[in-house]
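Trainee: Before we turn to the details, may I ask you to guide me through the helices and the backbone of this entry?

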Amino acid sequence: MKLKFCLLSFLLCHLLSFAANPMENFINNPLMKNANISLIVKDLTSDKTICEYRSNNVTIPASTMKLVTTATALELLGPSFCFQTKLEIDGTLSHDGTLNGNLYIRGGGDPTLGSEKMGDADFLKKWVEAVKECGIKKINGQIVADGTIFDDEGVNPKWTWEDIGNYYAAGAYGISYMDNTFKLVLKSGNTGTVPEILRTEPTLPSLLFENHLKSTEINSDSAYFYGAPKSNHRVIRGEIPADRQEFVIKGDIPNPSILLAEHFQEKLKQSGIFVSELPSDIVKNTIERKVIYVHNSPTLAEIIKETNVHSNNGYAEEIFRYLALKSNKVATSNGAIREIRTYWKEKGLNTNQLFMYDGCGLSPLDAVSANFFVELLTYMKTKSLYKDAFFNSLPISGKSGTLTNFLAKTSLQGKVYAKSGTIGGVKCYAGYIEKNNKTFVFSILVNHFNGTSKAATKKIEELLLQITQ
């Protein structure tokens, strides 16, 4: 009897101990049992580790990778940095106002030109005024969109075929325009029929579609574009809801620099300035040019806030690629990766735990440890000159951006400042928690869980609520 009582006491104590260990509950939950998990939570005030599990192991980070991109950009460029796009001319300007030469748009990697998110909506009007102020009344030449500050790779080669061609995987170019995104407006009929293509917004007359869409009983967009950068051929597959007069899906603009040049030329024509030749994105010569206007983007602090709060892949990739210019004349993905790894290695971070192939986290080859994220976040909070700009760029739990529903109506609403990351089978969070006069820094990265993304989010919420009580 005594032995039985002791055994029951031991089991009860063991169960109570298990129940009192939030991390053990988390990693042993059936949803997480076979998952690849890397996590660490630290009290930044005391430098005490609250919980940790395989924190040095790398996992797919999804959009939490944007923390690396935006933190590095702030460190290397500063929050007041602005991307510059220049209007330049070559040739000669005659007394009657005829430019015998070309008008160039020299791209500077600005992701905000014509963007729906931010920037000057009337910037083309100001460009036209700048041309007029220069005395130009006619252009006997071309408008040349010069995006050679970036290489012509466009789309990251480490992205998947399913993503390429869609708005969230638009290419990164020396000249970006209208978020490099178009809308395709469709009209769907009965279930099983092929939806009719009504129009594109903006108008893209040279873009050809091979339409394999079906109208079905679904209620949301399940359509994907397939196509290479700068190619005017797009295949569309998947499903959209049946019986809709208008239904919009979004793809990437194949050549945004040419579209910008075309729109600029049209604005010039409307103002009475005729351009004799069609626009081009081919820079044929190296004749000396004269700068007639400089267009500045919003500040980097504003741009990275949009990048992190709304997880803007396009902005992230433009920023990422631009970082290569610190040591290279032309921006490339590989150059950007070298700059980022070199910078953080010099700051003492373990870059052996950073496998970076893009700036936004869309590549399934990206892999980062929870420990690396916590080291990065700790540096940005305690050592960076630009810690406020970085902190202010993060979405807030239950209040903003991609964290609007995360921890909403809990004791941590409004107290978590973090970046989320979600792709198929991946759910990640990394950032700060401010509660009870303490600051926690954390990273929870989960890959290949057994269940839905929503269920994984709920378990992460439970863990954070329990360990910060």
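This is a predicted model: local features need pLDDT of at least 70, side-chain atom pairs count only at pLDDT 80 or more; totals for chains, interfaces and linings use all residues.

Trainee: How far does α3 reach between its end C-alpha atoms, and what span should its 13 residues have?

Mentor: The expectation for α3 follows from 1.5 Å a residue over its 13 residues. The calculated span and the distance in the model agree, because both are 18 Å.

Trainee: How many residues of α3 are buried?

Mentor: The buried set runs from Met65 through Lys66, Leu67, Val68, Thr69, Thr70, Ala71, Thr72, Ala73 and Leu74 to Glu75. Helix α3 is therefore largely enclosed by the rest of the structure. Of its 13 residues, the number buried is 11.

Trainee: Which residue just after α3 takes a positive phi?

Mentor: The phi in question is about 90 degrees. Most residues other than glycine have a negative phi. The residue just after α3 is a glycine, namely Gly78.

Trainee: How are α3 and α6 oriented relative to each other?

Mentor: Their axes come within 10 Å and cross at roughly 175 degrees. Lys66, Leu67, Thr70, Ala73, Leu74 and Leu77 of α3 meet Leu300, Ile304, Thr307 and Asn308 of α6. An angle over 145 degrees counts as roughly antiparallel. The orientation of α3 and α6 is therefore roughly antiparallel.

Trainee: Is α6 parallel or oblique to α7?

Mentor: The axes of α6 (residues 300-309) and α7 come within 8 Å, and the crossing angle is roughly 135 degrees. With that angle, α6 is to be described relative to α7 as oblique.

Trainee: Is the crossing of α6 and α7 left-handed or right-handed?

Mentor: On the α6 side the contact is made by Leu300, Ile303, Ile304, Glu306 and Thr307, and on the α7 side by Tyr315, Ala316 and Ile319. The hand of the crossing of α6 and α7 is left-handed.

Trainee: Is Pro256 buried or exposed?

Mentor: Pro256 lies in helix α5. Leaving aside residues up to four places away in sequence, Pro256 touches Tyr173, Ile175, Ser176, Tyr177 and Asn180. Because its relative accessible area is 1%, under the 20% cut-off, Pro256 is buried.

Trainee: What covers the buried residues of α8?

Mentor: Helix α8 (residues 333-346) has 14 residues and reaches 20 Å from its first C-alpha to its last, close to the 20 Å expected. Its buried residues are Ser333, Gly335, Ala336, Ile337, Glu339, Ile340, Tyr343 and Trp344. The elements that cover them include α3, α7, β18 (354-355) and α9 (370-382).

Trainee: Which residue that follows α8 has a positive phi?

Mentor: The phi value is near 95 degrees. The residue that follows α8 with this phi is Gly348.

Trainee: Is Ala62 buried or exposed?

Mentor: Ala62 is not a glycine, yet its phi is positive, about 50 degrees. The residue is found in the loop between β3 and α3. Since its relative accessibility is 0%, Ala62 counts as buried.

Trainee: What is the relative accessible area of Arg54?

Mentor: Arg54 also has a positive phi, of about 50 degrees, although it is not a glycine. Its place is the loop between β2 (48-53) and β3 (58-59). Arg54 is partly exposed, and its relative accessible area is 34%.

Trainee: Is the peptide bond from Glu201 to Pro202 cis or trans?

Mentor: Most peptide bonds are trans. Pro202 lies in the loop between β11 (196-201) and β12 (208-216). With omega near 0 degrees, the bond from Glu201 to Pro202 is cis.

Trainee: How many disulfides does the structure hold?

Mentor: For Cys428, the nearest cysteine sulfur is that of Cys360, 14 Å away. A disulfide needs sulfur atoms within 2.5 Å, and Cys428 is in no disulfide. For the structure, the number of disulfides is 0.

Note on methods
Residues are numbered from 1 along each chain as its sequence is written. Side-chain values use heavy atoms; hydrogens and water are left out. Helices (H or I, at least four residues) and strands (E, at least two) are DSSP runs, numbered from the N terminus. The expected span of a helix is 1.5 Å times one less than its number of residues. Buried means under 20% relative accessible area, exposed over 50%, partly exposed in between (1.4 Å probe, protein chains only). Contact means heavy atoms within 4.5 Å. Axes are lines fitted to C-alpha atoms, for helices over the stretch in contact, and angles run from 0 to 180 degrees between N-to-C directions. Angles under 35 degrees count as roughly parallel, over 145 as roughly antiparallel, 65 to 115 as roughly perpendicular and the rest as oblique. A crossing is left-handed if the near helix is turned anticlockwise from the far one by less than a right angle, and right-handed if clockwise.
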